[in-house]
Amino acid sequence: MADDVFISVGRPLPRIAAARLVSDRVVEISWHDGRVQAIDVTPAIVGHRHFVALRTDKPAFEDFAVGENGDCLVWASGEELSAVWLEELAPASLDNEEFRQAMSELRFSLDGMAARLGIARRLVADYRRDRPIPPAIAMATRFLVERHRRSMQFEDAI
């Protein structure tokens, strides 16, 4: 294979440009693509024994840096939290326009969207207009859209 041939599979891995502690276990991540997100890393820290030392030692937790390639956060004690994992921990958000677009892409009526999300039809109508969308509804909606897109890709490949 020639040196100038690149193979691309999926979307590029996220890269961290900078990170700083905002509060207790909330880290503000500046991504290379320009996004800035405040991410609560508590689920990762309390959910895995690898991070047990960081749970109880606040100064140790606060002593982190961005990994050499921007692919993780690294603590002085050697623990690492990948950029991919951080991106997954970021709060799911969806604005009302994105919610309307998702419904359109999925071809769901108010009743259909309500049934898929397990919520009242009235809430779906409110989310289409101006009501703030809770993270759980945003995550569920994004899941439905992703699953729909994958099924469409599969059908196109056949």
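Phe 51 is buried in this predicted model, with a relative accessible area of 2%. That value falls under the 20% cut-off, which is why the residue counts as buried.

The structure holds six aromatic pairs. For Phe 51 and Trp 85, the ring centres are 6.1 Å apart and the planes meet at 50°, so this pair is tilted. Phe 51 sits in the loop between α1 (42–47) and α2 (52–56), while Trp 85 belongs to helix α4 (residues 83–89), so the pair ties together parts that are 34 residues apart in sequence. A second pair joins Phe 99 and Tyr 127: their ring centres are 5.8 Å apart with planes at 80°, so it is edge-to-face. This pair, too, links distant parts of the chain, with Phe 99 in helix α5 (residues 96–106) and Tyr 127 in helix α7 (residues 121–129), 28 residues apart.

| Residue | Relative accessible area | Class |
|---|---|---|
| Phe 51 | 2% | buried |
| Phe 99 | 0% | buried |
| Tyr 127 | 4% | buried |

Phe 51 and Trp 85 also belong to one aromatic cluster, along with Phe 61, Phe 64 and Trp 75.

Now for the whole chain. Its secondary structure comprises eight helices and six strands, which follow one another along the sequence as β-β-β-α-α-α-β-β-β-α-α-α-α-α. The radius of gyration is 20 Å, well over the 15 Å that the globule rule gives for 158 residues, so the protein chain is more spread out than a compact globule. Along the principal axes, the C-alpha atoms fill a box of roughly 50 × 50 × 30 Å.

What share of the 158 residues counts as buried? For the protein chain, the figure is 30%. Among contacts with a separation of 6 or more, 47% come from residues 24 or more positions apart. The accessible surface of the protein chain is about 10400 Å², and 52% of that belongs to carbon and sulfur atoms. Finally, the chain carries 20 positive and 25 negative charges, whose mean positions are 10 Å apart.

Key: Residues numbered from 1 in each chain as written. Predicted model: local features only at pLDDT ≥ 70, side-chain atom pairs only at ≥ 80, totals over all residues. Heavy atoms only, no water. Phe/Tyr/Trp six-rings, centres within 6.5 Å; stacked < 30°, edge-to-face > 60°. Helix = DSSP H or I, 4+ residues; strand = E, 2+ residues; numbered from the N terminus. Buried < 20%, exposed > 50% of the residue type's maximum accessible area, 1.4 Å probe, protein only. Rg over C-alpha atoms; globule rule 2.2 N^0.38 Å. Contact = heavy atoms within 4.5 Å. Areas by Shrake-Rupley, 256 points an atom, 1.4 Å probe, with all protein chains shown as cover. Lys, Arg positive; Asp, Glu negative; His and termini not counted. Charge placed at Lys NZ, Arg CZ, Asp CG, Glu CD.
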